[in-house]
Amino acid sequence: MQSTRLEFVIAAAPPPRLDKALSRDVPETAALSRTRLARLITEGAVSVDGQVVTDPKARVVEGAQVAIALTEAEESHIAPEAIPLVVVYEDDDLIVIDKPAGMVVHPAPGTPSGTLVNALLAHCGDNLSGVGGVKRPGIVHRIDKDTSGLLVVAKSDAAHHGLAAQFAAHSAERHYTALCYGVPDGSDPRLRGVKGASFEPGNILRLTTQLTRHPTDRQRQAVVFHGGRHAVTRARVVESFGQPAAVSLIDCWLETGRTHQIRVHMAHAGHGLLGDPVYGGRRKLSPRALSPEAVDAIGAFPRQALHAAVLGFEHPLSGEKLSFSAPLPDDLERLLEVLRRT
């Protein structure tokens, strides 16, 4: 297997650990994350002043000469599968996909095949230059299996490094279209009493909590206010349906991006998403508010009514600002048509 040699010098006042020092001083063009560097150290691919060092915690001094042997990216153990994809944008560094509901993003024990990663391995083929030393797509964010919409995936280490930094800094733009029970409106005194809920100008609901794993169901997330991970969601009512209004079409956008964030936050506010089997619940809707046709359509909707509609970010290599939108999928459009006839 062919390899290239990357050489550089440790700058002044290095961090106390070798992996941290390399992460700080490695040339940006190499696009090597600290995790990848730590693995290269333990694999014996890093030498300092001519001596191989295999301990990521080893000390290093200013002026030390570092050499890293980088081998060609290995083939992934995940099998490519010729699954059709809706490609919104693609270049040598990244690809934006409009993911259908029902598709898992990454293989897992329960879903070893048929995933977005399987499809991308087949679609991209030899155009994957290697992420983390392996020819695979770089997943920097995910959407749930039964959520449809936009997802950006890195095709190179450099793109993965740059995109991951934007998502970690919460600078990427992400708007979701959803259908929820009730109307999350600032005039509702009940909603103003929900802990973590507030309203911003324009009748925008802001939900600020911590999220952590549910104490008894590890597949779920739970709202907490001590511990957990900081999470902020904003939501605005776009359209409401029923007399009195029983269902709303909402625009949600993320300041942070936690697992199930919109679903668990809207449920916490008392406005769970239609069709959400985990957080939304199957609510009994008044036949006086909605037509029997609409009540039946809501009851039969098979997934959470959530769609990743807008995705914006800065291209990690060119710096160009990119923004993409994806139309609602057919199942959500049909449900909206029924609601609008109410």
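**Buried residues, cores and ring pairs in a predicted model**

At a relative accessibility of 0%, cysteine 252 counts as buried, where buried stands for under 20% relative accessible area, exposed for over 50% and partly exposed for what falls in between, with a 1.4 Å probe and protein chains only. The structure is a predicted model, in which local features need pLDDT of at least 70 and side-chain atom pairs count only at pLDDT 80 or more, whereas totals for chains, interfaces and linings use all residues. Residues are numbered from 1 along each chain as its sequence is written, and side-chain values use heavy atoms, with hydrogens and water left out.

The closest cysteine sulfur to that of cysteine 252 belongs to cysteine 180 and lies 7.5 Å away, which is too far for a bond. A disulfide is a covalent bond between the sulfur atoms of two cysteines. With the criterion of a pair of cysteine sulfur atoms within 2.5 Å, a search of the whole structure finds zero disulfides.

Another cysteine, cysteine 124, is buried at 3% relative accessibility and belongs to the buried residues of helix H3, which are Leu116, Val117, Asn118, Ala119, Leu120, Leu121 and Cys124. Helices (H or I, at least four residues) and strands (E, at least two) are here DSSP runs, numbered from the N terminus. Because seven of the nine residues of H3 are buried, this helix is largely enclosed by the rest of the structure. Just after H3, glycine 125 takes a positive phi of about 55 degrees.

The nonpolar cores come next, each defined as a set of buried Ala, Val, Leu, Ile, Met, Phe, Trp, Tyr and Cys residues joined through side-chain atoms within 4.5 Å. In soluble globular proteins, nonpolar side chains tend to be buried together. The largest nonpolar core has 36 residues, of which Leu85, Leu116, Leu120, Tyr176, Ile262, Met266 and Leu273 touch the most other members. Helix H3 (residues 116–124) gives the most to this core, with six residues, and at least three residues come from each of domain 2 (84–168) and domain 3 (172–317 + 334–339), the domain bounds being taken from an automatic or database domain assignment. If residues up to four places away in sequence are not counted, leucine 116 touches Leu85, Ile97, Met103, Val104, Val105 and Leu151, contact being defined as heavy atoms within 4.5 Å. Apart from this core lies another, of 21 residues, which includes Leu6, Leu18, Ala45 and Ala64.

Threonine 256 is placed in the loop between strand E16 (247–254) and helix H6 (261–268), and at 2% relative accessibility threonine 256 counts as buried. The side chain of threonine 256 reaches the backbone nitrogen of valine 232 at 3.0 Å and makes a polar contact of 2.9 Å with the side chain of glutamine 261. A polar contact is a pair of N or O atoms within 3.5 Å; within protein, one must be able to donate a hydrogen and the other to accept it, and residues adjacent in sequence count only if both atoms are side-chain atoms. Leaving aside neighbours within four places in sequence, threonine 256 is in contact with residues including His170, Arg174 and His230. Histidine 170 itself lies in the loop between helix H4 (157–168) and strand E11 (173–181), is partly exposed at 31% relative accessible area, and has a phi near 60 degrees, a positive value in a residue other than glycine.

Aromatic rings of Phe, Tyr and Trp (its six-membered ring) pair if their centres lie within 6.5 Å, and planes under 30 degrees apart count as stacked, over 60 as edge-to-face and the rest as tilted. By this rule the count comes to two aromatic pairs. Tyrosine 89 and phenylalanine 324 form a tilted pair, with 5.4 Å centre to centre and 40 degrees between the planes. Because tyrosine 89 lies in strand E6 (residues 87–90) and phenylalanine 324 in strand E18 (residues 321–325), this pair ties together parts that are 235 residues apart in sequence. Tyrosine 89 is partly exposed, with a relative accessible area of 24%, whereas phenylalanine 324 is buried, at 11%. Phenylalanine 313 and phenylalanine 324 form a tilted pair at 6.0 Å centre to centre, with 40 degrees between the planes, and phenylalanine 313 is buried at 5% relative accessible area.
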